[in-house]
Protein chains: 2
Amino acid sequence: MDPSQIANVFVKQYYDTFDKNRPDVVGLYHPQTCVLTFEGQVCSGKEEIMKKLTSLAFTNIQHVITTVDAQPTYDDMIVVFVVGQLKTDEDNPHSFSQTFVLKKEADNRLYVVNDMFRLSLHHG
Amino acid sequence: MDPSQIANVFVKQYYDTFDKNRPDVVGLYHPQTCVLTFEGQVCSGKEEIMKKLTSLAFTNIQHVITTVDAQPTYDDMIVVFVVGQLKTDEDNPHSFSQTFVLKKEADNRLYVVNDMFRLSLHHG
């Protein structure tokens, strides 16, 4: 599979898991090295990441994906760049963008090593 | 310098160059390996990237940066994730987001190996 196909499969799996069974998303992060920067807050390792993601204050969430871009990079990794909208509970949709770096491990599975999430909220 | 400081210096240099002297931005891309995905269009290598960036149809452009996030990753690289607004000519501002992967080379300089740019335009 080319990086675009891999990215599309990953993105579907990530957000489906996030939206339907959030605690399971931790299984997609790299067992040894993973970092999430969520709205500027840095969480290192699976435990901190899980704590952050499960603490987010909404009951229902839906990620609606607008675009997925992907590029291979050094060390056999893939950079995945997502633009979409977030629909939580009864709020209006919010634009978000998110960057993942995926790394293949010995079990042939891809794991998230880097994750950065931002809502598109601008000053003024 | 930590990755955040490096990212902030890079981001200032990248967008200042882009907005004031666009052809010079090519010097920031990795001499051997660099890929730009611009609104879904893939450009490989400095020559293709430069052709794309200089062909963009606006006279005046200003990138206004909202947030810059950065994380180190494998192979001594840094992932930089930018959210901002783009002001071109007389148009209304557009939200954009952009992901860079920077790699340090033997000359101790950081070069862009991956670059993905998207306006935050959603369906419907």
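**Helices, sheets and cysteines**

In chain A, helix α1(A) lies across β3, β4 (77–88), β5 and β6, and runs at about 150° to β3(A). This is a predicted model, in which local features need pLDDT of at least 70, side-chain atom pairs count only at pLDDT 80 or more, and totals for chains, interfaces and linings use all residues. Residues are numbered from 1 along each chain as its sequence is written, chains are lettered from A and ligands numbered from 1 in the order in which they are written, and side-chain values use heavy atoms, with hydrogens and water left out.

Some terms, before we go on. Helices (H or I, at least four residues) and strands (E, at least two) are DSSP runs, numbered from the N terminus. Axes are lines fitted to C-alpha atoms, for helices over the stretch in contact, and angles run from 0 to 180 degrees between N-to-C directions. Contact means heavy atoms within 4.5 Å.

Now the sheet of chain A. Which order do its strands take? The open sheet has 6 strands in the order β2-β1-β6-β5-β4-β3, with mixed pairing; two strands pair if DSSP finds at least two bridges between them. At the edges stand β2 and β3 (61–73) of chain A, each with a single partner strand, so one side of each has no neighbour in the sheet. On average, neighbouring strands of this sheet are turned by 20° against each other, direction ignored. Strands β5 (residues 94–104) and β6 (residues 110–119) of chain A run antiparallel and are joined by 9 bridges. A:Phe100 stands opposite A:Asp115 in β6(A).

The other helix to look at is α2(A), which lies across β1 and β2 of chain A at about 135° to β2(A). Which residues of helix α2 (residues 45–55) of chain A are buried? They are A:Ile49, A:Met50, A:Lys52 and A:Leu53. They sit on the same side of α2(A), because they cover an arc of only 165° around the axis, taken from the directions from the helix axis to the C-beta atoms. On the other side of α2(A), A:Glu47 and A:Lys51 are exposed. Buried means under 20% relative accessible area, exposed over 50%, and partly exposed in between (1.4 Å probe, protein chains only). The buried residues of α2(A) pack against α1 (3–20), β1 (35–38) and β2 (41–44) of chain A.

Next, the cysteines. A:Cys43 counts as buried, at 3% relative accessibility. In chain B, the sulfur of B:Cys34 is 10 Å from the closest cysteine sulfur, in B:Cys43, which is too far for a bond. B:Cys34 is buried as well, with a relative accessible area of 3%.

Last, the two chains together. A rotation of 180° with 0.0 Å of shift along its axis superposes chain A on chain B, with RMSD 0.0 Å. The two copies are therefore related as by a two-fold rotation axis. Copies are superposed by least squares on the C-alpha atoms of residues with pLDDT of at least 70 in both. Of the interface residues of chain A, 100% are also interface residues in chain B, so the copies meet through the same surface.

Conventions:
A disulfide is a pair of cysteine sulfur atoms within 2.5 Å.
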